[in-house]
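Let's take a friendly walk through a structure. Have the sequence and the 3D view open, and follow along as the elements come up.

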Protein chains: 2
Amino acid sequence: MLEYPSISQYLCDNEGDNLWSADNQQERLVRIGWILGFVDGEGCFSVGFVRQAGRTNRQGYKTGYQVSHEFAVTQGARSVSCLHELCEFFGVGQVLVNRRNDNHTENLYRYVVRRRTDLLETVIPFFQQYPLRSSKRVDFSKFVQCVQLVALGRHLTREGLIEIAQIAETMNRRKSRTELIRILRDYTPDIRDIG
Amino acid sequence: MLEYPSISQYLCDNEGDNLWSADNQQERLVRIGWILGFVDGEGCFSVGFVRQAGRTNRQGYKTGYQVSHEFAVTQGARSVSCLHELCEFFGVGQVLVNRRNDNHTENLYRYVVRRRTDLLETVIPFFQQYPLRSSKRVDFSKFVQCVQLVALGRHLTREGLIEIAQIAETMNRRKSRTELIRILRDYTPDIRDIG
């Protein structure tokens with residue numbers, strides 16, 4: 001069971017912030033609301049599976065798949081300051097650039113948190129204390145389930161990996177893990193469970 | 001010059017709201033922040049021009065063009081409650097449905113405020129008091145200029161319409177009013193100015 005930090009953690013961190021001139025409690029509450037609304041609009045909680053067939057002798061890769069978990073918010077270059085704002089607020093993660101070589105007029109930037117402890121100790125508790133309002137609330141809840149299963153080591157067994165993949169395939173829109181689940185369930189009989 | 005309502009207007013309206021359980025000042029401030037963040041992510045301030053060549057005898061159409069101004073936030077059906085939340089918060093505008101007949105899995109909904117008085121008296125003052133953080137702040141500022149020019153009746157003259165079109169063509173991304181400005185400036189010498 002996760003422990004949630006108190007509201008005061010979010011209200012008192014980042015004292016040096018000047019983008020928001022957060023010099024009083026009112027502005028801090030508006031800021032918390034802004035984070036929520038912006039993530040409701042632009043955020044994405046996702047779980048991915050990367051085939052690592054050649055590395056099954058390494059810890060964490062025994063099933064032949066690595067599970068990744070990511071909280072990300074994407075913006076064009078003109079609004080990159082919003083991503084730095086998120087990064088400063090949470091105090092974890094980083095802002096990465098996706099250089100655009102197509103005909104778009106600006107680079108895309110992503111605020112990304114991938115490290116499990118950062119997700120479990122900072123990002124997830126925040127959105128549990130301040131629930132999202134959009135349909136992303138449902139995706140977030142599934143994301144939490146997946147990250148918690150990984151934290152319990154369930155991704156190291158085929159059954160656990162299938163369980164995570166089954167949750168992940170219902171997250172976000174137009175994604176399907178059916179193929180992955182099929183492969184895990186039926187087509188890799190030599191996967192060595194280490195539950 | 002516009003008069004801005006005090007913060008208390010936003011803090012005290014919508015007493016009947018139960019979606020947010022806004023039973024105290026803290027939650028109201030978080031709610032204001034949420035509105036800001038959500039609009040930073042999903043909102044759009046736009047100015048449009050509709051050719052009304054056949055209606056030049058009617059007031060407001062003398063230049064042959066009608067100017068429209070719109071604040072809109074779009075969401076899929078699963079998050080339509082967020083749009084109702086905006087509608088309730090501002091107390092103006094409406095939630096409209098765009099039925100999807102293509103291969104998308106859900107209808108799109110739009111919270112839309114188009115009426116000039118609603119924009120001038122409610123929407124614009126809110127975002128002046130609580131500035132947006134993304135690049136939409138710049139678009140908002142241009143939007144305000146355009147709506148104020150329309151409120152002054154400048155859209156009823158060709159020069160005013162060109163001025164509005166020149167501001168509008170720099171708003172949002174990948175839009176150009178160059179063709180409209182060219183038409184207004186050079187190709188409709190019989191437009192009757194009524195400045």
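A polar contact is a pair of N or O atoms within 3.5 Å; within protein, one must be able to donate a hydrogen and the other to accept it, and residues adjacent in sequence count only if both atoms are side-chain atoms. With that in hand, look at H155(B): a polar atom of its side chain lies 3.4 Å from the backbone oxygen of V150(B). This is a predicted model, where local features need pLDDT of at least 70, side-chain atom pairs count only at pLDDT 80 or more, and totals for chains, interfaces and linings use all residues. Residues are numbered from 1 along each chain as its sequence is written, chains are lettered from A and ligands numbered from 1 in the order in which they are written, and side-chain values use heavy atoms, leaving out hydrogens and water.

**Around H155(B)**

H155(B) sits in the loop between α5 (136-151) and α6 of chain B. Helices here are DSSP runs of H or I with at least four residues, strands are runs of E with at least two, and both are numbered from the N terminus. Is H155(B) buried or exposed? It has a relative accessible area of 11%, so it counts as buried (under 20%; exposed is over 50%, partly exposed in between, with a 1.4 Å probe and protein chains only). Leaving aside residues up to four places away in sequence, H155(B) is in contact (heavy atoms within 4.5 Å) with residues including T63(B), V67(B) and L161(B).

Next comes α6(B), which is mostly covered: eight of its eleven residues are buried. Among them are R158(B), G160(B) and L161(B).

**The sheet in chain B**

Four strands make an open, antiparallel sheet in the order β1-β2-β4-β3 of chain B. Two strands pair if DSSP finds at least two bridges between them. The edge strands each pair on one side only:

| Edge strand | Residues |
|---|---|
| β1(B) | 43-51 |
| β3(B) | 94-98 |

Nine bridges join β1(B) to β2(B), and G48(B) stands opposite S68(B) in β2(B). Helix α2(B) packs on the sheet, touching β1 and β2 of chain B, and its direction makes about 110 degrees with that of β2(B). Axes are lines fitted to C-alpha atoms, for helices over the stretch in contact, and angles run from 0 to 180 degrees between N-to-C directions.

**Two helices in chain A**

The axes of α5(A) and α6(A) come within 9 Å and cross at roughly 165 degrees. These helices are therefore roughly antiparallel (over 145 degrees; under 35 is roughly parallel, 65 to 115 roughly perpendicular and the rest oblique).
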